[in-house]
Amino acid sequence: MSHISSHRNYCDKLLCLLYTEFHKLEGPTLRFQVPSDVITKDVFDCVRCYLIPKLELESRYVSIRSQGFHFIGCPIYIKDTKKYKDNRNYLQFNLVFVCDETETDCDKYRRVVMKLARYLRDLELSESYLFDANKLANLPGLLEEVLAQLWSTAWCTIPISGSQIVINLFANPSVPDPPHVAEHAVPVILRGKERFIEECRELTVKRIYKDIDGVKHIAKIALETDSEIKLVLAAIRNLMYSNVVGIIDAFQFSNVYCAEVGIAELHSNPELHNDVIQYACRFRKQPPTFRQIRVLLSEMRHGVTMQHVLERQPEAAASVDLRLLVQHSVLHKYIRRVYMYPIYVPESPRELQHSIPFGVIKLKEDLRNNVLADCDGGSHSDALSCRHGLSFAQLMAIMDSEENVIVIWK
């Protein structure tokens with residue numbers, strides 16, 4: 001099909017479209033292919049029995065990887081004992097999308113394939129579009145137009161001549177669900193998205209957006225805005241899905257960070273230097289140099305708290321807002337948090353009932369016991385502090401008072 005543009009802005013690994021039918025003597029056959037030179041007869045013979053499968057897979061999504069290709073289809077079976085009496089009472093067909101086997105995002109074609117299959121079924125039921133040989137001759141041209149528009153814009157709108165049916169398709173890239181959001185997580189509005197969140201009409205977002213300041217964690221935001229925590233968590237997840245909000249940890253000088261792989265790009269790409277300087281500078285009239293930023297980031301490693309970084313590099317930190325530097329670096333995956341996981345290993349089941357040692361800050365014994373019971377290696381210090389309403393200093397006081405608490409940093 002020479003007039004199909006070879007330029008592909010979207011769906012670049014979508015190679016061709018196949019229209020296959022079941023023939024009563026020959027079995028599954030390839031009726032049309034657009035373009036016509038992608039799938040050879042030998043390749044089709046290897047997969048044809050899977051493209052027109054048993055009746056149990058009718059109207060189901062079918063995905064096959066074979067011979068260096070990824071075949072995606074939705075077989076349709078229409079029964080009519082009079083109309084299709086010469087073909088075992090069924091019209092069995094499948095419109096197949098063929099992708100390169102290296103395509104990693106084939107899910108975006110799932111809805112397109114199934115929707116296009118339903119369009120063809122409706123055309124057949126209303127107009128015998130596939131049974132009538134004269135109308136079927138128009139199918140290759142229709143497939144050419146579908147493929148050309150998907151390559152050009154990732155969507156297509158094609159009215160069917162002589163019919164009220166209009167084919168509307170959109171190959172939307174699949175977006176993974178946002179990760180689980182914990183109550184101790186701190187939401188941050190991403191740069192350039194402030195107007196979006198201000199104009200959002202979702203009721204929970206309208207109530208909480210002024211408190212999303214990169215400092216307060218979700219539990220505190222829910223408390224201060226008198227909002228239900230489940231609604232706040234759901235709202236933050238939706239904002240993450242829309243790429244409006246990012247998630248970091250509550251900044252404390254007791255936090256430990258280490259470098260990620262992405263920091264190499266920061267060092268090697270001069271365009272990123274000014275971005276981090278503008279984000280993390282303390283005084284606009286006297287911004288720091290990138291050398292100062294690099295010195296501070298190089299100090300962040302296992303066993304080194306942010307307090308140690310400040311004490312070791314006071315000159316570099318003088319013009320840098322460490323909280324904003326950490327915030328920017330975590331969001332861009334230059335560094336990551338190293339969490340502290342306390343594990344309590346009592347010598348006997350009754351050990352949790354001991355009284356509070358003298359000198360430890362006054363906490364109720366049941367609170368102390370609850371904290372130690374949660375120190376099972378599954379919760380880090382931020383989660384424990386948020387869950388029990390403790391500051392990091394209070395939590396460490398409990399940890400230091402117990403000889404049978406071990407700490408893992410990871």
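1. D374 is a residue of helix 15 (residues 365-374); helices here are DSSP runs of H or I with at least four residues, strands are runs of E with at least two, and both are numbered from the N terminus. The model is a predicted one, in which local features need pLDDT of at least 70, side-chain atom pairs count only at pLDDT 80 or more, and totals for chains, interfaces and linings use all residues. Residues are numbered from 1 along each chain as its sequence is written, and side-chain values use heavy atoms, with hydrogens and water left out.

2. With a relative accessible area of 22%, D374 is partly exposed. On this scale buried means under 20% relative accessible area, exposed means over 50%, and partly exposed lies in between (1.4 Å probe, protein chains only). Leaving aside neighbours within four places in sequence, D374 is in contact with S379, L384, R387 and H388, where contact means heavy atoms within 4.5 Å. The C-alpha atoms of D374 and I248 are separated by 23 Å, and the two residues are 126 apart along the chain.

3. Helix 16 (residues 381-388) is largely enclosed by the rest of the structure, because seven of its eight residues are buried. The buried residues are S381, D382, A383, L384, S385, C386 and H388. They pack against helix 7 (218-224), strand 12 (335-338), strand 13 (340-344), helix 15 and helix 17 (392-400). After helix 16 comes G389, with a positive phi near 70 degrees.

4. Helix 11 (residues 290-299) packs with helix 14 (residues 322-331) at an angle of about 75 degrees, and their axes are 12 Å apart. That makes helix 11 roughly perpendicular to helix 14. Axes are lines fitted to C-alpha atoms, for helices over the stretch in contact, and angles run from 0 to 180 degrees between N-to-C directions. Angles of 65 to 115 degrees count as roughly perpendicular, under 35 as roughly parallel, over 145 as roughly antiparallel, and the rest as oblique. I293, L296 and L297 of helix 11 meet L322, L325 and S329 of helix 14. By class, this contact has five nonpolar residues, one polar and no charged.

5. The largest nonpolar core has 44 residues, and those with the most contacts inside it are L14, Y19, F97, Y109, L130, L139 and V146. Such a core is a set of buried Ala, Val, Leu, Ile, Met, Phe, Trp, Tyr and Cys residues joined through side-chain atoms within 4.5 Å. Among the elements that give two or more residues to this core are strand 1 (14-23), strand 6 (90-100), helix 2 (110-127) and helix 4 (139-153). Helix 2 provides the largest share, eight residues. A second, separate core of 31 residues includes V186, V188, M306 and Y334.

6. Two residues can be followed individually. Not counting residues up to four places away in sequence, L130 touches Y19, E21, L91, F93, L120, E124, L136 and L139. Q92 lies in strand 6 and counts as buried at 11% relative accessibility.

7. How many disulfides does the structure hold? The number is zero, a disulfide being a pair of cysteine sulfur atoms within 2.5 Å. For C46, the nearest cysteine sulfur is that of C49, 9.3 Å away. C46 is partly exposed, at a relative accessible area of 40%, whereas C281 is buried, at 6%.

Notes. Ala, Val, Leu, Ile, Met, Phe, Trp, Tyr, Cys and Pro count as nonpolar, Asp, Glu, Lys and Arg as charged, and the others, Gly among them, as polar.
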